[in-house]
Structures are given as structure tokens and as C-alpha cells.
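Work through these exercises with the structure open beside you. Try each task before you read its solution.

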Amino acid sequence: YVRFHLISPLIQQSAENIVLFDTFVNILSHNLGEPAYEADVAQLEYKLVAGEHGLIIRVKGFNHKLPLLFQLIIDYLSDFSFTPAVFEMITEQLKKTYFNILIKPETLAKDVRLLILEHSRWSMIDKYQTLMNGLSIESLSSFVKAFKSQLFVEGLVQGNFTS
């Protein structure tokens, strides 16, 4: 079991940064779909989660091939690229996801409650409006470059591994 949290102060600076981060993580997951398929067949699991303060990478499975899967994820992260078609597809999916959160009273109430309780939080309405106003491919590229330059890493490795 390997879990790394790539923390960046850049994410919470604006609603646009949060939306760009969500877009980045979704495109990264999309890009990994085909190359990581063989790992899935070999019963290795991975998950990329857009956390509040950074990217959470979780990998678990048999230890002899786990580093290869983790290295694949890191390689795709470091050499991040995307096509305009994938960018459009992911932003459309995010619009639907955000909208579905907004139309459910219980999730909207939770979002409002957290907005009141937490010091620096952006509401789902802010994120949805930012996405509806439109994102540019250039803004995503510059965000990803800035994100990768301002990272702090926390990690946990459990199992049959040496230091």
C-alpha cells in the first residue's frame, strides 16, 4: 500500500485554481486509463484523488510490481499533456458533476455549512460559475506548471518494502 499526498498552497488561492486542479486531476486520470489497464488486470489498484490541499495518489497490490505502477503515474504527472478535445470533454463532465452537486439539497447544505465553518473555502457555486465562464487551455497549462513547482510531499508506504 503506497499513499502520497502532493500538497500545494496554490490550489486554495482562488476558485479558478480549484477548478483548474479538478480539471488537471481528471485529465491525468483519463490519460492513465489505457497505460494502467495492464496493472488493473494484474490486480494492482490505483486512485488519484483531488484533495482540498493537493493530489492524493493511492496505489495498492502485490509489492513486486507496485513501484512500476507508481513510476508510471509519476511519469504521466511530470510529462503532463493533453489535447483540446480531452480538455473540452473533461470540462463538460465537470460542469455536469458540479451541477449535480448543486441540485441536491443535502450536498448543497453541506457545502454551505463548510463554507461558514472553514476559513478559506470556495463554494460549489463559485466553482460552477468559474467553470461556466470558461477556462482556457493556456490557463490550465500555466496552472500545472506552477503546481508542479510548488509541491510538498507526504508519503506512507506499508507492506513488504525496504527503505
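Predicted model: local features only at pLDDT ≥ 70, side-chain atom pairs only at ≥ 80, totals over all residues.

**Exercise 1. Is Gln-43 buried or exposed, and where is Gln-43 found?**

Solution. 
- Step 1. Take the relative accessibility of Gln-43, which is 56%.
- Step 2. Exposed means over 50%. Gln-43 therefore counts as exposed.
- Step 3. Locate the residue. Gln-43 sits in the loop between α2 (37-41) and β2 (45-50).
- Step 4. Check the backbone. Phi of Gln-43 is near 65°, a positive value in a residue other than glycine.

**Exercise 2. Describe helix α1: what is its reach, and how many of its residues are buried?**

Solution. 
- Step 1. Helix α1 covers residues 15-32, which is 18 residues.
- Step 2. From first C-alpha to last, α1 reaches 26 Å.
- Step 3. Compare with expectation. At 1.5 Å a residue, 26 Å is expected, and the reach of α1 is close to that.
- Step 4. Turn to burial. In α1, 14 of the 18 residues are buried, so the helix is largely enclosed by the rest of the structure.

**Exercise 3. What is the geometry of the ring pair Phe-21 and Phe-24?**

Solution. 
- Step 1. Start with the whole structure. A search finds nine aromatic pairs.
- Step 2. In the pair of Phe-21 and Phe-24, the ring centres are 6.4 Å apart. The cut-off for a pair is within 6.5 Å.
- Step 3. The planes stand at 45°, so the pair is tilted.
- Step 4. Phe-21 and Phe-24 are three residues apart in helix α1, about one helical turn.
- Step 5. Recall a rule. An α-helix has 3.6 residues a turn, so residues three or four places apart point the same way.
- Step 6. Check burial, which means under 20%. Phe-21 has 1% relative accessibility, so Phe-21 counts as buried. Phe-24 is buried too, with a relative accessible area of 0%.
- Step 7. Widen the view. Phe-21 and Phe-24 belong to one aromatic cluster with Phe-80, Phe-82, Phe-87, Phe-143 and Phe-147.

**Exercise 4. Which residues are linked with Arg-121 in a network of salt bridges?**

Solution. 
- Step 1. Side chains of opposite charge can pair when their charged atoms come close.
- Step 2. Count. The structure holds five salt bridges.
- Step 3. Take one of them. Glu-52 bridges to Arg-121, with the closest N and O atoms 3.7 Å apart.
- Step 4. This pair links distant parts of the chain, 69 residues apart. Glu-52 is in the loop between β2 and β3 (54-60), and Arg-121 is in the loop between α5 and α6 (124-133).
- Step 5. Glu-118 also meets Arg-121 in a salt bridge, at 3.4 Å from N to O.
- Step 6. Glu-52 is partly exposed at 40%. Glu-118 is partly exposed at 27%.
- Step 7. Assemble the answer. Glu-52, Asp-111 and Glu-118 are linked with Arg-121 in the network.

**Exercise 5. Where do Lys-95 and Glu-92 lie?**

Solution. 
- Step 1. Both residues lie in helix α4 (residues 84-102).
- Step 2. Lys-95 and Glu-92 are three residues apart, about one turn of the helix.
- Step 3. Their side chains meet in a salt bridge, at 3.2 Å from N to O.
- Step 4. Lys-95 has 21% relative accessibility and counts as partly exposed. Glu-92, at 38%, counts as partly exposed as well.

**Exercise 6. Which residues make the nonpolar surface patch of about 330 Å²?**

Solution. 
- Step 1. The patch is made by Val-112, Ile-116 and Leu-117.
- Step 2. Ile-116 lies in helix α5 (residues 105-117).
- Step 3. Ile-116 has a relative accessible area of 68%, so Ile-116 is exposed.

Conventions:
Residues numbered from 1 in each chain as written. Heavy atoms only, no water. Patch = residues over 30% accessible without salt bridge, like charges linked within 9 Å, V, L, I, M, F, W, Y side chains within 5 Å. Areas by Shrake-Rupley, 256 points an atom, 1.4 Å probe, with all protein chains shown as cover. Salt bridge = Lys/Arg side-chain N within 4 Å of Asp/Glu carboxyl O. Helix = DSSP H or I, 4+ residues; strand = E, 2+ residues; numbered from the N terminus. Buried < 20%, exposed > 50% of the residue type's maximum accessible area, 1.4 Å probe, protein only. Expected span 1.5 Å × (residues − 1). Phe/Tyr/Trp six-rings, centres within 6.5 Å; stacked < 30°, edge-to-face > 60°.
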